[in-house]
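Subject: Structure handover

Hello,

The sequence and structure are below, followed by notes on what turned up in them. Please read the notes with the coordinates open.

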Amino acid sequence: MEEGKISSFQLTRLVMSFMMATGLIFPPLRGVWQDSWLTLLFGLAGGIVFALIYTTLCLRFPGQTLIEIYETVFGPIIGKLFSVAFLWYIFYLGAQASAIFITLLTTTVFTMTPRYVFSITWIIVSVYLCKKGIEVIARVNEPLLLVTVFLIVGTLFLVLNLFDPENFLPLWNISLSELLWAGFGTITFPFGLNIVFGLILPFLQQREQGRSAVIKGLGGAALVLLISLLITVGVLGEVGEIFLFPTYQAFRMIQIGQVLTRLELIPTLNFLTMGFIKGTIALYAVSLGTAQLCKLLTYRPLVFPLGILMLIAAHQSHPNIGVSLEMIERVQPFYALPFQLLLPLLTLLVAVFRRLPVKEGQT
Amino acid sequence: MIRFLLRKLRLARHYKEIPTPLADDSLQKNIEKNIALFRAELGESPDIVIRRFTLKLKKEIKAAIIFVEGLMDQQVVYDCILRPLMLEAKKETRPVGPDLLGFIQENLIPAAGLEQENRLSPLVAALLGGDTVLLLEGQAAALIINTKNRENRASEEPDTEVTILGPRDGFTEDLRTNTALLRRKIGDPRLVFEQMMIGRRTRTIVAIAYVQGIANEKVVEEVRARLKRINTDMILDANYLREFIADAPFSPFPTVGFTERPDVAAARLLEGRVAVFTDTTPVVNTMPALFIEAFQNPDDYNTHFLYATFIRWLRYLAFLISFLLPALFVALTTYHQELIPTPLLISMAAAVEGTPFPMVIEVVAMGAIFEIIREAGVRLARPIGQTISIVGALVIGEAVVSAGLVAAPTVIVVALTAITSFVVPTQQEIGIILRLSLAVLAGILGAYGIILGLLFTLSHLASLRSFGVPYLSPVIPLNIGDLKDVAVRVPLWAMWTRPRVIGWHEPRRQNFGESAPPSSAVEGADLPASRKSKGNKERENLKK
Amino acid sequence: MIFLVLLGFACIVAIELPVLIKAQYRRELVVFTILTGAAFILSILLALGVKLPYIELVLIETFTKLGLTIK
């Protein structure tokens, strides 16, 4: 099915990109503004718990992806049902990511260009990369992530003249219930999304390092997101809450002399590459999962049709970005929880109860 | 259509012309019959000379030598064959046994290479390689005498890879000279050459060279296998081989390296690569090839390491400019004017004012014109070529701007791109394709188009492998230790290891720290052989 | 627009199908055909200007109803 292998460090970086991509554009800021760093930490903790559950599952069934595990644990019919639902979740994840990024482009930079021009070109490159396999995706991710991290850390220095630490005061201006709700939201988006890597963990060179690699990736993503939150909150202040894309707005404020002004295009394009990686990983995971679901020998012929379906889903994702925001804030936590937490947890419990996997010689 | 092509390809694969070897082509005892055999095989071409004479030992024996005029060395044929056999053989007093050829081989012919052979086809092959064949009456075998003419143009510095400092020799068209040049660079007896013949009609001799123990056996085996798989009738240049054995035959990026310099070839062999020499061409293929090789100039290792690092970074910058600048220019001027600082924007707007075409067309057209001028200049004789360049570059460039057809910034951008594209000569071909397509993408989709094009290129590059080695390594996948010769050029004494992706079999070049120059030279008291031993000595002193 | 969709799908089929047929991947062929067919029908509908439901609106509605019933 997949011949390539990735190293644990590459997996860490893939997890980082996957978490950061939408997190950078829709930072967990809404409603909690200057306390967002708290919710971020909350989300990180929750994301690690989620990761622990499914990595335990993957370690229990070495060499199997989540799709195969569901089938082993629940039997062919219920397992397939669960797998189809799970695949839909990943599929829509990818569609959502590309929809958000294309909306970002069409609402900020290219206001005149029709959406489908972006989505079609996007999908073509994504399909091309996807067909090359996980090894190449991991390699392409390396320089892109490096540039993004450099850019965000560098921006921290570029905005020093606009940075106002008072924007963070008062420090704990949030009730516990608000914090819990916002934190819950942050767990499911973006940190809980790493459930996708349950389909990629078997292709790791050092399988036993999978868990630590994923957790390191989550930590790294949290760190980068934290810096971007610092920039956004510190530069924009309370006013920032009215903006649709606060991070974009913060980068827009950069002004050093007469030369370094209006630089927002560069980070936008850079976040775009992150979104591209995220969409590609999702597309890869869906293709692989579908191929395993149907017991195919290769996932490659499925990439193109699934890519087009993803393109259509991205088109039919939301009529306007407001709907998407509402979705992420109000519905996403409940929508995502079954796939991110309940299903793996249930599988783990059933697997423990049924004493699976059956070890050799125990039959 | 694709299926049609596939079918064609399949046909091409199965179509094998099997050369029909003669059922029995061994020589006979009658010399006239043997000569007739040669005549039948070689035809009546005037450059094939059959010289008959009589060998006078105890009795007179009819003899003949056959050679191809021009391929053989006249002097050797006279000194080593004709003179001893015709003049000195008379004075021979030693008894001749029944093995006449063996006797001649051992006692009479003072040539370096001698061989007995009784079948026609190897004899003909040797003949066409420049050897001389000696036939004797009553002998069903012949002697092959090495009389190859090694006269060739002198080894001179290749025009394509010029260095400021460093050796001035370059490979020539003769295989033996080239292998000798390499032997002179690498004294290690484990430098191995393996020879084979490729091309049914050209019968080109191809030699694989590698250093045993450093080169990865699997890579050598792979090179051998791929070369053996070639079934074509002509190999005229190294590129013929390159296209047959490249990993990604459709990729515009070269996945087989090449050089005309013995020092470069030697350095690559000592990093664990394999070289493939092709007779009759000065270009030597080396593999596996990395993308980064294009940026590693031999001069980097002949100058101070700080300067070399600096120059290497300039080279990276130039490469970036060469394929990105036109696209950026188009995107900035047509879509993202806000990124340009205001004063610059004003002066650029003034220059662009009144030109009739969109920026994309200007850039692409001027780029194409430049390539045409370059192509015209390259193919013509040198003095005319220079004239063409001057006319093209100065006159057209100047006139086009003053006529108001093209904006002056466009000409500046295209000229700058043109100059920078020559900084990294081996990636120049891909530079043209990349440059033009990115510019067109930028014209359609602005910066998004550039990013998309770059992502596509990156995906393609990241998927490439050259003989099992990732093409972009050591940058992607990242290997921090190997950046010593990529991000910087560390001092040579600090290059402790070979590049890991290629030379991991025998990674150690020199012991860690041992060969560092003595830092205490100024102190002068005692010159320790190395820092390590100095530390040890100090520690011992302390103990005392 | 419809012409473009047709052209695009023709390209995809031309790229993927020969490989599948040559390698005699039966199951792959079936799954590929189903997925491509679905994608094709949806694209044609979109190209014809048929209003399809927006996924996020559907999701939001479903979950709101779900929440109300639970309450």
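Chain C and chain A bury about 2,700 Å² between them, with 77% coming from carbon and sulfur atoms; buried area here is the accessible area (1.4 Å probe) that two parts lose on being put together, summed over both. Before the rest, the conventions: this is a predicted model, where local features need pLDDT of at least 70 and side-chain atom pairs count only at pLDDT 80 or more, while totals for chains, interfaces and linings use all residues. Residues are numbered from 1 along each chain as its sequence is written, chains are lettered from A and ligands numbered from 1 in the order in which they are written, and side-chain values use heavy atoms, with hydrogens and water left out.

Chain C with chain A

The contact (heavy atoms within 4.5 Å) involves 26 residues of chain C and 32 residues of chain A. One salt bridge is counted between these two chains, the term meaning a side-chain nitrogen of Lys or Arg within 4 Å of a carboxyl oxygen of Asp or Glu. A:Lys131 and C:Glu16 form a salt bridge, with 2.2 Å between the closest N and O atoms.

Chain B with chain A

Here 25 residues of chain B meet 30 residues of chain A. The buried area is about 2,400 Å², 74% of it on carbon and sulfur atoms. B:Leu339, B:Tyr448 and B:Leu455 account for 25% of what chain B buries against chain A, more than any other three residues.

Part of this contact is between helices (DSSP runs of H or I, at least four residues; strands are runs of E, at least two; both are numbered from the N terminus). Helix 10 (residues 265-293) of chain A packs against helix 15 (residues 428-463) of chain B at about 40°, with the axes 11 Å apart. Axes are lines fitted to C-alpha atoms, for helices over the stretch in contact, and angles run from 0 to 180 degrees between N-to-C directions. The two helices are therefore oblique to each other; angles under 35 degrees count as roughly parallel, over 145 as roughly antiparallel, 65 to 115 as roughly perpendicular and the rest as oblique. Helix 10 of chain A contributes A:Leu265, A:Leu269, A:Leu272, A:Thr273 and A:Phe276 to the contact, and helix 15 of chain B contributes B:Ala447, B:Tyr448, B:Ile451 and B:Leu455.

B:Ser463 is also in helix 15 of chain B. Leaving aside residues up to four places away in sequence, B:Ser463 touches A:Lys132 and A:Val136.

The interface of chain B and chain A has one salt bridge. A:Glu135 forms a salt bridge with B:Arg465, at 3.1 Å between the closest N and O atoms. A:Glu135 also meets A:Arg139 in a salt bridge (3.0 Å, N to O). These two residues are four apart in helix 6 (residues 134-158) of chain A, which means that about one helical turn separates them. Over all chains the structure holds 36 salt bridges.

Backbone points to check

Most residues other than glycine have a negative phi, and most peptide bonds are trans. The exceptions listed here are:

- A:Phe189 and A:Pro190 are joined by a cis peptide bond, omega about 10°; A:Pro190 is in the loop between helix 7 (176-188) and helix 8 (210-236) of chain A.
- The peptide bond from B:Ile476 to B:Pro477 is cis, with omega near -5°.
- B:Thr280 has a positive phi, near 70°, and is in the loop between strand 9 (274-278) and strand 10 (284-287) of chain B.

Regards
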